[in-house]
Amino acid sequence: MKFCNQCGQPLMQTIPAGDNRLRHVCSHCHRVHYQNPRIVAGCLPVWGEQVLLCRRAIEPRRGYWTLPAGFMENGETIEQAAARETLEEACARVRDLNLYTLFDLPHISQVYMMFRAELVDLDFAVGEESLEVRLFAEEEIPWSELAFPTIGRTLECFFADRRQNLFPVRNEALEALRAHYRPR
Ligand code: ZN
């Protein structure tokens, strides 16, 4: 961020009065431009014993497999964001969304919120941001070709929890994710 989106003048970094962090502040109109973590919302779409994955057509991690997920937009709920991303990336409709994994990624200022969801039908297709979309049984999951640790960890939790048919919400920070996540 270099210029003020209100008046176009250069921004400087300073700690505003009453604050305790460096902020981008306009040198001209003195508006403070706050930057806060971004929320990534997504789904783990389930069809019987299988789950739906997308192969990414965009960077980062182009060509790697992921669950449909993306940045939340203004004016939508987190569930709407997760369902919208699933529709955009996999042309798939989901229902019965249940919050399942919540990952804190402070090093990149992101929070991931992934929902377990039921695929409504098999009428899915390759979306704009995907190269390929398909269902995988547990033994078919391409563990070494997953795009992000958050995706691997969500899938790992899901297949473990499915054995007990109990799906507690998992809230983990990246450190825990690193310790637990081991690509197979
Ligand atoms: Zn300004």
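Throughout these legends, a residue is called buried when its relative accessible area is under 20%, exposed when over 50%, and partly exposed in between (1.4 Å probe, protein chains only). The model is predicted, with local features needing pLDDT of at least 70 and side-chain atom pairs counted only at pLDDT 80 or more, while totals for chains, interfaces and linings use all residues. Residues are numbered from 1 along each chain as its sequence is written, and side-chain values use heavy atoms, with hydrogens and water left out.

View 1. The zinc ion is held by the SG atoms of Cys4, Cys7, Cys26 and Cys29 at 2.2 to 2.4 Å, where donors are N, O and S atoms within 2.8 Å of the metal (3.2 Å for Na, K and Ca), and a site may look incomplete because water is not among the atoms. The angles among the four donor atoms run from 99 to 122 degrees, and the site is tetrahedral, a term that for four donors requires all angles to lie between 85 and 135 degrees. For comparison, the ideal angle for four tetrahedral donors is 109.5 degrees. Along the sequence, the donor residues follow the spacing C-x2-C-x18-C-x2-C. Cys4, in the segment before strand S1 (11–14), and Cys26, in strand S2 (residues 23–26), are 22 residues apart, and the pair links distant parts of the chain; strands are DSSP runs (E, at least two residues), and helices are such runs of H or I with at least four, numbered from the N terminus. Cys4 is buried at a relative accessible area of 5%, as is Cys26 at 0%.

**View 2. Pro10 and its surroundings.** Pro10 belongs to the segment before S1 and is partly exposed, with a relative accessible area of 39%. Residues up to four places away in sequence aside, Pro10 touches Lys2, Phe3, Val25, Cys26 and Ser27, contact meaning heavy atoms within 4.5 Å. Between the C-alpha atoms of Pro10 and Arg163, which are 153 residues apart along the chain, the separation is 56 Å.

**View 3. The ring pair of Trp65 and Phe136.** Five aromatic pairs are found in the structure, a pair being rings of Phe, Tyr or Trp (its six-membered ring) with centres within 6.5 Å, called stacked if the planes are under 30 degrees apart, edge-to-face if over 60, and tilted otherwise. The rings of Trp65 and Phe136 have centres 4.9 Å apart and planes at 80 degrees, so this pair is edge-to-face. Because Trp65 lies in strand S6 (residues 65–66) and Phe136 in strand S10 (residues 130–136), the pair ties together parts that are 71 residues apart in sequence. Trp65 and Phe136 are both buried.

View 4. Phe158 is buried at 3% relative accessibility, and Phe159 is buried at 2%. Ring pairs join Phe158 and Phe159 with Tyr100, Trp143 and Phe167 in a cluster.

**View 5. Thr66 in strand S6.** Thr66 is placed in strand S6 and is buried, with a relative accessible area of 4%. Apart from neighbours within four places in sequence, Thr66 contacts Leu53, Cys54, Arg56, Ala147, Phe148 and Ile151.

Notes
Four donors count as tetrahedral if all angles lie between 85 and 135 degrees; four count as square planar and six as octahedral if opposite donors are over 155 degrees apart and all others between 65 and 115; anything else is irregular.
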